[in-house]
Amino acid sequence: MTNRTARTERVTKESSVVVELDLDGTGKVDVDTGVPFYDHMLHAFGSHGALDLKVAATGDTHIDAHHTVEDVAIVLGQTLRAALGDKSGIRRFGDAWIPMDETLAHAAVDVSGRPYCVHTGEPEVMVGFTVGGNYPTVLNRHVFESIAFHAQIALHLRVIHGRDPHHITEAEYKAFARALRAAAEPDPRIGGIPSTKGVL
């Protein structure tokens, strides 16, 4: 399998974002977005996805976290897509269950080339809650949709149950990371593209 690394830079009037990743890393993570709880979540994502991940972002966080959070998700998705290459020899599908105290989350991933995101089960408290005074949990769905769209993967992410917005959010990021890790891993029994169509 070829070297599965990528680097993407995106600059707008609202943010400047650089993401570097190695799909075959060891979970070495260096993240600074200016949104502390988002940094914590991306660190968990890289660690549990066994990605070597570097994210450097600056943005108009003095206005709101939204632009920076969204733009990092876009660039992360673009970088994942580039690192996956032609997807030859990967397992393609992966899923993970993550319990975090009272919370249980499940993620399923298909590295399909067809972007889709289904995100369900978050309690209503998530709409108006801000973790650490800097990360509005209403952004969770937007983050996962943005990554899935730009990575061109299908992602189904469910909160089975949960009470604490911190635990719910963290379980979702970890479940996605573990499912993506499983889907992107090399399959020793498959040498080519894991699709009857011959392309993903």
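Predicted model: local features only at pLDDT ≥ 70, side-chain atom pairs only at ≥ 80, totals over all residues.
Residues are numbered from 1 along each chain as its sequence is written, and side-chain values use heavy atoms, with hydrogens and water left out.

The secondary structure of the chain consists of four helices and ten strands, where helices (H or I, at least four residues) and strands (E, at least two residues) are DSSP runs numbered from the N terminus. In sequence order, these elements follow the pattern β-β-β-α-β-α-β-β-β-β-β-α-β-α. The C-alpha trace spans about 50 × 40 × 25 Å along its principal axes. The radius of gyration of the chain is 16 Å, which agrees with the value near 16 Å that a compact globule of 200 residues would have; this radius is taken over C-alpha atoms, and the globule rule is 2.2 Å times the number of residues to the power 0.38.

Of the 200 residues in the chain, 52% are buried, a term that stands for a relative accessible area under 20%, with exposed meaning over 50% and partly exposed lying in between (1.4 Å probe, protein chains only). The accessible surface of the chain amounts to about 9,100 Å², and carbon and sulfur atoms account for 51% of that surface; such areas come from the Shrake-Rupley method with a 1.4 Å probe, and for residues only the protein chains shown count as cover. When contacts (heavy atoms within 4.5 Å) between residues at least 6 apart in sequence are considered, 75% of them join residues at least 24 apart. The chain carries 19 positive and 26 negative charges, whose mean positions are 8 Å apart. In this count Lys and Arg are positive and Asp and Glu negative, while His and the chain ends are not counted, and each charge is placed at NZ of Lys, CZ of Arg, CG of Asp or CD of Glu.

The 13 residues of H1 should span 18 Å at 1.5 Å a residue, and the end C-alpha atoms of H1 are 18 Å apart, which agrees; the expected span of a helix is 1.5 Å times one less than its number of residues. The buried residues of H1 are Phe37, Tyr38, Asp39, Met41, Leu42, Ala44, Phe45 and Gly46, and just after this helix Ala50 takes a positive phi of about 55°.

Helix H3 (residues 140-151) comprises twelve residues and reaches 17 Å from its first C-alpha to its last, close to the expected 16 Å. Its buried residues are Asn140, Val143, Phe144, Ser146, Ile147, Ala148 and Ala151, and the cover over them includes helices H1 (36-48), H2 (66-84) and H4 (165-184), together with strands S7 (116-120), S9 (135-136) and S10 (154-161). In the loop between H3 and S10 lies Gln152, which has a positive phi of about 60° although it is not a glycine. Gln152 is partly exposed, with a relative accessible area of 22%.

A positive phi, of about 70°, is also assigned to Lys87, again not a glycine. Lys87 is placed in the loop between H2 and strand S5 (93-100) and counts as buried, at 7% relative accessibility.

Two aspartates were considered individually. Asp71, in helix H2, is buried at 4% relative accessibility and touches Arg10, Thr12, Ser15 and Val17 when residues up to four places away in sequence are not counted. Asp60 is located in the loop between strand S4 (52-59) and H2 and is likewise buried, with a relative accessible area of 10%. Under the exclusion of residues up to four places away in sequence, Asp60 touches Glu14, His67 and Thr68.

Ala154 belongs to strand S10 and is buried, with a relative accessible area of 14%. Leaving aside neighbours within four places in sequence, Ala154 is in contact with Ala108, Val109, Asp110, Ser112, Arg114 and Tyr116. Ala154 and Asp71 are 83 residues apart in sequence, and their C-alpha atoms are 20 Å apart in space.
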